[in-house]
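Welcome! Have a look at the structure below, then read on.

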Amino acid sequence: MQDEYRTVARAGVHETEINRSRFLCALAPAATEQDAQAFVAGVRKEHADATHNCWAYVIGADAAVQKASDDGEPGGTAGVPMLQMLLRRDMRYVVAVVTRYYGGVKLGAGGLIRAYGGAVGEALDDLGTLTRRRFRLATVTVDHQRAGKLQNDLRTTGRAVRDVRYAEDVTIEVGLPETDVDTFRAWLADATAGSAGFELGGEAYGDA
């Protein structure tokens, strides 16, 4: 697994006009290829009257899935520049659709490449990006008496509390950088006088 990846901070649309053609770039996070395809379908339906709805997406922290479509524009002038912009910005788990309403002035191949790639770049700047880092999930089990103070201590020391469940004991799920696991184990034993249970789980990604 990659140690970290970048993705778009939120879904949104950025519009620009070039030589009377309107370019609307819709961006969204996409956890799976199915999510990306559903987003593309939704934009195509919303802008069914547009001249073109070109798209590109990158799925996987290692960019394992990369796909793009020119949707009727000359080959290589729309989807590929969009995909290249996403990759140049190190974007992952993201889908982009650029909707074009033709304004009567032909842009030429070079103009189209700049327009489609630029629309994605401007949308990324407008909507913002965030970094997600890989971490290990860990489950801490502690009695009710110690739970409140431990949660405060966890947050004070900057550790990510992901979930808290109350039953006979209190179960707290935390996210830890791989390098912090041994240090955390020792810290937990010290903070709870050795009374807390600790179980290491799988890996996931979270906001950096």
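At what angle do helix α4 and helix α5 pack, and how far apart are their axes? In this predicted model, helix α4 (residues 144-156) packs with helix α5 (residues 181-191) at an angle of about 145 degrees, and their axes are 12 Å apart. The points below start with this helix pair and then turn to aromatic rings.

**Where the two helices meet**

- The crossing in which α4 passes α5 is right-handed.
- From α4, the residues Leu150, Asp153 and Leu154 meet Phe184, Trp187 and Leu188 of α5.
- Sorted by class, this contact has five nonpolar residues, one charged residue and no polar ones.

**Aromatic pairs**

- The model has five aromatic pairs.
- One of them is tilted, because the rings of Tyr5 and Tyr93 have planes at 55 degrees, with centres 5.0 Å apart.
- Tyr5 is in strand β1 (residues 4-8), while Tyr93 is in the loop between α2 (79-88) and β6 (94-101), so this pair links distant parts of the chain, 88 residues apart.
- Tyr5 counts as buried at 9% relative accessibility, whereas Tyr93, at 22%, is partly exposed.

- Because Phe184 lies in helix α5 and Phe198 in strand β10 (residues 197-207), their pair ties together parts 14 residues apart in sequence.
- Phe184 is buried, at 0% relative accessibility.
- Over the ring of Trp187 sits the charged end of Arg159, 5.0 Å from the ring's centre.

Definitions and conventions: Residues are numbered from 1 along each chain as its sequence is written. This is a predicted model: local features need pLDDT of at least 70, side-chain atom pairs count only at pLDDT 80 or more; totals for chains, interfaces and linings use all residues. Side-chain values use heavy atoms; hydrogens and water are left out. Axes are lines fitted to C-alpha atoms, for helices over the stretch in contact, and angles run from 0 to 180 degrees between N-to-C directions. Helices (H or I, at least four residues) and strands (E, at least two) are DSSP runs, numbered from the N terminus. A crossing is left-handed if the near helix is turned anticlockwise from the far one by less than a right angle, and right-handed if clockwise. Contact means heavy atoms within 4.5 Å. Ala, Val, Leu, Ile, Met, Phe, Trp, Tyr, Cys and Pro count as nonpolar, Asp, Glu, Lys and Arg as charged, and the others, Gly among them, as polar. Rings of Phe, Tyr and Trp (its six-membered ring) pair if their centres lie within 6.5 Å; planes under 30 degrees apart count as stacked, over 60 as edge-to-face and the rest as tilted. Buried means under 20% relative accessible area, exposed over 50%, partly exposed in between (1.4 Å probe, protein chains only). A charge sits over a ring if NZ of Lys or CZ of Arg is within 6 Å of the ring centre and within 35 degrees of the ring normal.
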